[in-house]
Amino acid sequence: VYDSGESGGVMYYVMPYVEGESLRGYLTRVQRLPADEAVRLVREVADALDYAHRHGVIHRDIKPENILIEDGHAVVADFGVARALEAAAGQQLTQTGGAIGTPLYMSPEQSGGVPTIDGRADIYSLGCVLFEALTGRPPFEGPTPLAVLTRRLSESAPLLRTLDPTIPRHVEAAVARALAPDPADRFATADGFSAALAASAPELPLGSRAAGASRPQIEASIAVLPFVNLSADPDNEYLSDGITEELINALAKVPGLRVAARTSSFALKGKDHDVRALGERLRVRTLLEGSVRKAGSRLRITAQLIDAADGYHIWSETYDRNLDDVFAMQDEIARTLVGTLKPQLLGPAPLVERGTEVLAAYTLYLRGLHFLWKRAPETYRTALDYFRQAAAEDPAYARAYVGMGHAYTMLGFDEFAAMPAVEAMPKAKTEIAKALELDPMLADAHARKALITFIYDWDWARADQEFSYAMNLDPQHTPTLHWYSLYLAAMGRHDESLWVINRGLRAESESEYLNVQLGRCYYYAGRYEEAIRQLVATMEMEPGSVNNCVTLARVYLSQMRHAESAALIEGCIARAGRVPILVAFLGQTYAASGRRDEALALLAELRAASERRYIPASYQALILVEAGEMDEGFKYWNLACQQRCGWLTFIRVEPLWRRLESDPRYTVLMKQLGL
């Protein structure tokens, strides 16, 4: 921009005149370019971007319309978005969850609204441009912008030579790397992309990755493996797990450093792996492992940073201090790590967000987290007790109240049948409200508030707003993405639901509950074969998952594959015991397959259990309706409505409940739900 000003109340700006046409106009005329011409033009664009990036400017909207061709030479136009963001100095320019760019060319991290993108987003967009110039079509297409973004997050771009075998292999490899979903897997600089395109032989031999790209060198990336508890007391495992989690959270806030998520790291707990295999699996260049030993009031933390490529130690240190120095030790480890990796990083060293200065409150909180992650009714109760003690030690400890709210919410879920929702959810709301009074910007608290608003209050519009606000505070907070995808599925917004859950899986690919959730979103969307493939793969990853078993059994049942559904649940009962949710779904499966007497026997088992403990009314409703007992079935569905059973929120999209829709009582039930 040469100049700007105002004339007669009209704002104007002055730009150079380019005599020629845009690349879009050129492609409209010829549809696709010869490989040598396309590569030459894109290398000229890369040269411009490299200059801009070295001066701290990210374009953010590279597309054929913004590439002008003057005398056969490419000129990059419209840095307006970049300059507007720079001038805003961090102010909010878009609505919650918004993104800046053009969907056909936007990088995954841009489409996810990640606030701290870098030049690799432009490299991704330029890869899309070259793909289109060579093939006449963009790498991802769809009927709507959202459909394009969904495909970009859930699928890999085709390899160029599958569309045109004459395209040079080194160009194919370079484009595949530029289009890697994870920024860490792309070229670090536009100049690097340009150099790879110029190579006369393949710089990157094609490998077997899903995207078809080779294994690029990963730059600033780390996985914090679960620290080992070396204390004489095995109960001190809460401390080693908690320190691991705090370091993950602290390092994840460092711009330019990609950190493997907690679920991915903890999936490897207690397992022996070759460090090189771990680096490949987690897609990181470095690994942090360590141990924690507590003896009385003394604490020893040993940490080692390892190069995943060759297994050699880059740095190691032992910290031997009093327990009340645990905060300082964590900060020191994090700062040392960033200092060691600093040539590849941007931004200052992190500080562990302790939330309290009271050591007793902190250690009790870590104990609560340790049990919370075990995800079972009895462990949620134990976690709740520890969080309550932490809040008693420090009444200003916001995270302790979030922990209590989280535990109460889980106890009130139909899946666990631990407490009636009408008893658990109001308590959860009270604790979350306390947390937000203490820290209004706590993303985790807003995520739990959004979940309760959705699953218990049935306030659909406000739930959407709460989820959006939580995502705005922390776009990578996977619990928010998990539950928001469920909300979107329940509302029938399936493309958005799949987009959100895939965004979560990009951060936590090893997460069992996120992988199950992807299968569940496919199921609600009516994409049954994709749901089965996803859930079978997850079953191989976590064979003992009751959640996955129930979800896969429902998909089989919806497809009239009764024997497979029954065998799956029977096997799970043999491993996990007669968990009420498994008994309920087995009864539904038996009823659907004509085994009525066996189904009613399981119904009687649930009724007998309900005299001793809480059993959601929805469990009995499942069996009754499938057995054709519609009057009794609706009686229990209405009781489930009075109990505020969370399953009812999926009444519009659950395929197994379609038989309800022809009954007038279904409409009445929908009205009670506000649907």
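The model is predicted: local features need pLDDT of at least 70, side-chain atom pairs count only at pLDDT 80 or more, and totals for chains, interfaces and linings use all residues. Residues are numbered from 1 along each chain as its sequence is written, and side-chain values use heavy atoms, without hydrogens and water.

**Exercise 1.** Work out the strand order of the open three-stranded sheet, and what packs on the sheet.

Solution. Strands are DSSP E runs of at least two residues, helices H or I runs of at least four, numbered from the N terminus. Two strands pair if DSSP finds at least two bridges between them.
- The order is β3-β4-β5, with antiparallel pairing.
- β3 (20-22) and β5 (73-76) are the edges; each has a single partner strand, so one side of each lacks a neighbour in the sheet.
- β3 pairs with β4 (residues 67-70) over three bridges. Glu21 has Ile69 in β4 as its bridge partner.
- Helix α2 (residues 35-54) packs on the sheet and touches β4 and β5. Contact means heavy atoms within 4.5 Å.

**Exercise 2.** Find which residues of α23 are buried, and what covers them.

Solution. Buried means under 20% relative accessible area (1.4 Å probe, protein chains only).
- Helix α23 spans residues 528-541.
- Its buried residues are Tyr528, Ala531, Ile532, Gln534, Leu535, Thr538 and Met539.
- The cover includes α22 (512-524), α24 (546-558) and α25 (562-576).

**Exercise 3.** Count the disulfides and check Cys641.

Solution. A disulfide needs two cysteine sulfur atoms within 2.5 Å.
- The count is zero.
- The closest cysteine sulfur to that of Cys641 is in Cys645, 8.9 Å away, too far for a bond.
- Cys641 is buried at 6% relative accessibility; Cys645 is buried at 1%.

How values were computed:
Axes are lines fitted to C-alpha atoms, for helices over the stretch in contact, and angles run from 0 to 180 degrees between N-to-C directions. The expected span of a helix is 1.5 Å times one less than its number of residues. Buried means under 20% relative accessible area, exposed over 50%, partly exposed in between (1.4 Å probe, protein chains only).
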